[in-house]
Amino acid sequence: MRVAALTLLLTVMVIAATAGRSAARPTAAAACGSDYWPLKTFSDPLRKKVKLTPKDTTVTEIGTPDHPQPTPTTGNTPFELQVWRLTAQITEFKREGDSDIHLILFDAGTYGIAEMPAADCVPKKARARKAIINAREKFEAACGKATGSWKQLGAVVTISGVGFWDKPHGNQRQVRRPQEPQK
């Protein structure tokens with residue numbers, strides 16, 4: 001499965017998008033992160049090289065490039081050094097074990113997974129740290145606290161963010177259409 005991600009700057013949250021067709025803040029650092037955490041939190045060593053002027057894209061286009069092997073832990077490809085902007089529907093959301101809020105995105109027949117980190121998981125050196133934290137707080141104020149259960153939403157949003165590669169981790173589930181029963 002190809003997984004690409006975005007660290008948001010306009011709505012400024014951190015988001016990971018996985019294209020395919022088919023409540024509480026953490027209290028310990030152990031709830032945060034993976035090898036890709038610096039990319040998810042816009043705190044990797046090359047964060048200052050990112051072109052901040054957004055280029056328009058879609059959920060389908062974000063999932064189109066071949067996933068590099070091994071998955072990069074530093075943002076150094078043209079995809080990772082660019083801010084991208086897309087409009088999609090958030091069909092549902094949930095808090096995952098690594099404290100991210102996972103969002104299911106839908107656009108023109110394509111689904112994707114997006115992620116936003118918890119405030120306690122965003123390092124002080126993160127680019128746009130305050131904006132990333134504020135975006136998650138605003139999201140939860142408007143849409144409700146994320147819990148361990150999926151909540152349906154249906155909001156259409158415009159997201160701008162820096163591309164990065166991620167891979168399925170933890171207890172992520174495959175992207176599903178909302179009308180399909182959850183297993």
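Modeller: Let us begin with strand β5, residues 101–107, where 6 of the 7 residues are buried. Buried stands for under 20% relative accessible area, exposed for over 50%, and partly exposed for what lies in between (1.4 Å probe, protein chains only). Helices (H or I, at least four residues) and strands (E, at least two) are DSSP runs numbered from the N terminus. This is a predicted model, in which local features need pLDDT of at least 70 and side-chain atom pairs count only at pLDDT 80 or more, while totals for chains, interfaces and linings use all residues. Residues are numbered from 1 along each chain as its sequence is written, and side-chain values use heavy atoms, with hydrogens and water left out.

Colleague: Which strand is joined to β5 by 6 bridges?

Modeller: Two strands pair if DSSP finds at least two bridges between them. Here the partner is β4, residues 82–95, which runs antiparallel to β5. Within this pair, I90 stands opposite L105. The two strands form a hairpin with 5 residues between them, and S99 in the turn has a positive phi of about 80°.

Colleague: How many bridges link β5 and β6?

Modeller: There are 7, and β6 (residues 110–116) pairs with β5 in the antiparallel sense. F106 faces Y111 of β6. In this hairpin 2 residues lie between the strands, and A108 takes a positive phi near 50°.

Colleague: Is D107 buried or exposed?

Modeller: D107 belongs to strand β5, and it counts as buried because its relative accessibility is 17%. Contact means heavy atoms within 4.5 Å. Neighbours within four places in sequence aside, D107 is in contact with T58, V59, T60, T87 and A88.

Colleague: Which residues have the most contacts inside the largest nonpolar core?

Modeller: In soluble globular proteins, nonpolar side chains tend to be buried together. A nonpolar core is a set of buried Ala, Val, Leu, Ile, Met, Phe, Trp, Tyr and Cys residues joined through side-chain atoms within 4.5 Å. The largest one here has 17 residues, and F93, I101, L103, L105 and F139 have the most contacts inside it. Two or more residues come from each of α2 (59–62), β4, β5, β6 and β7 (151–165). With 5 residues, β4 gives the most to this core. Another core, of 10 residues, lies apart from it and includes L81, V122, A126 and I132.
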